[in-house]
Amino acid sequence: MRTENNQKNKRKKRAGMIFNIIGTLVLIAVILLCVPVTVPRLFGYQVYNVVTGSMEPAIPTGSLVYSKTVEPSEVQKDDVIVFYGAESSSAIITHRVVENRTVSGEFITKGDANAQNDPMPVQYEQLIGKVTANIPFLGEVLAMLVTTKGKIVVACMIVISVVFFMIAGRVKR
């Protein structure tokens, strides 16, 4: 009888541990999905998803780019910058600097995959920042997560994790 109870207790402990591990892994997955966007912002970086192929192959479509605010005069030729598009557009563009015209307060830019320079110079006021890093494909994943469906999936993952922790607690008792 005692051996039977010991075996039941061992199975319960093992099941509880498995539920704990699964709950922890789901929670870690949620955290890992959020870290690339939230933590850099704490250090003054802006995070953007690249939606076109104008910077390929250096920055593939679907990449996540991190930019840091800089003084326009610090921007050098060949730096990649993030800037607001034309006044009538709400687009945010990531292109390489061909020339920094400090006297006129503007940049000449070009996408790496484009044959010619951008038709309009980028005024210093349009500058958001200089790209410091990019992570290919992560932008696509995070773009999906900011949709309503994506937020529901993340919320469900958190709920699932909590449920696994609750089941683990009950099984161990």
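Me: Let's start with charges. Which residue's side chain meets that of R101 in a salt bridge at 3.5 Å, N to O?

Reply: Bear in mind that this is a predicted model. The general idea is that side chains of opposite charge can pair when their charged atoms come close. Here, the partner is E99: its side chain and that of R101 form a salt bridge, 3.5 Å from N to O.

Me: And which residues are linked with R101 in a network of salt bridges?

Reply: E99 and E106 are linked with R101 in that network. The R101 and E106 side chains meet at 3.1 Å, again N to O.

Me: How do I read the accessibility of those residues: is E106 buried or exposed?

Reply: Buried means under 20% relative accessible area, and exposed means over 50%. E106 comes in at 12%, so E106 is buried. R101 has 32% and therefore counts as partly exposed, and E99, at 37%, is partly exposed too.

Me: How many salt bridges are there in total?

Reply: The count comes to 4. Another of them joins the side chains of K130 and D79, with 3.6 Å between N and O. This pair ties together distant parts of the chain, since K130 sits in strand β7 and D79 in the loop between β2 (64-68) and β3, 51 residues apart. As for accessibility, K130 is partly exposed at 27%, while D79 is buried at 14%.

Me: You mentioned β7. What is the strand order in the sheet?

Reply: Strands of a sheet pair through backbone hydrogen bonds, either parallel or antiparallel. In this model there's an open sheet of 7 strands, ordered β1-β2-β7-β3-β4-β5-β6, and the pairing is antiparallel. At the edges you'll find β1 (45-49) and β6 (122-123), each pairing on one side only.

Me: Over how many bridges do β3 and β7 pair?

Reply: Over 3 bridges: β3 covers residues 80-84, β7 covers residues 127-135, and they run antiparallel to each other. To find the spot on screen, look for I81, which stands opposite K130 in β7. That's the K130 whose side chain forms the salt bridge with D79.

Me: Now the helices. Which residues of helix α2 are buried?

Reply: Start with the geometry: an α-helix has 3.6 residues a turn, so residues three or four places apart point the same way. In α2 (residues 138-145), the buried residues are L138, G139, L142 and L145. They span an arc of only 120 degrees around the axis, which means they lie on the same side of α2.

Me: What about S161, and where is it found?

Reply: S161 is in helix α3, which runs over residues 148-172. S161 has 1% relative accessibility, so S161 counts as buried. Leaving aside neighbours within four places in sequence, S161 is in contact with G23, V26 and L27.

Me: Is V162 buried, exposed or partly exposed?

Reply: V162, also a residue of helix α3, has a relative accessible area of 42% and is therefore partly exposed.

Definitions and conventions:
Residues numbered from 1 in each chain as written. Predicted model: local features only at pLDDT ≥ 70, side-chain atom pairs only at ≥ 80, totals over all residues. Heavy atoms only, no water. Pairing = 2+ DSSP bridges. Helix = DSSP H or I, 4+ residues; strand = E, 2+ residues; numbered from the N terminus. Buried < 20%, exposed > 50% of the residue type's maximum accessible area, 1.4 Å probe, protein only. Contact = heavy atoms within 4.5 Å. Arc of directions from axis to C-beta.
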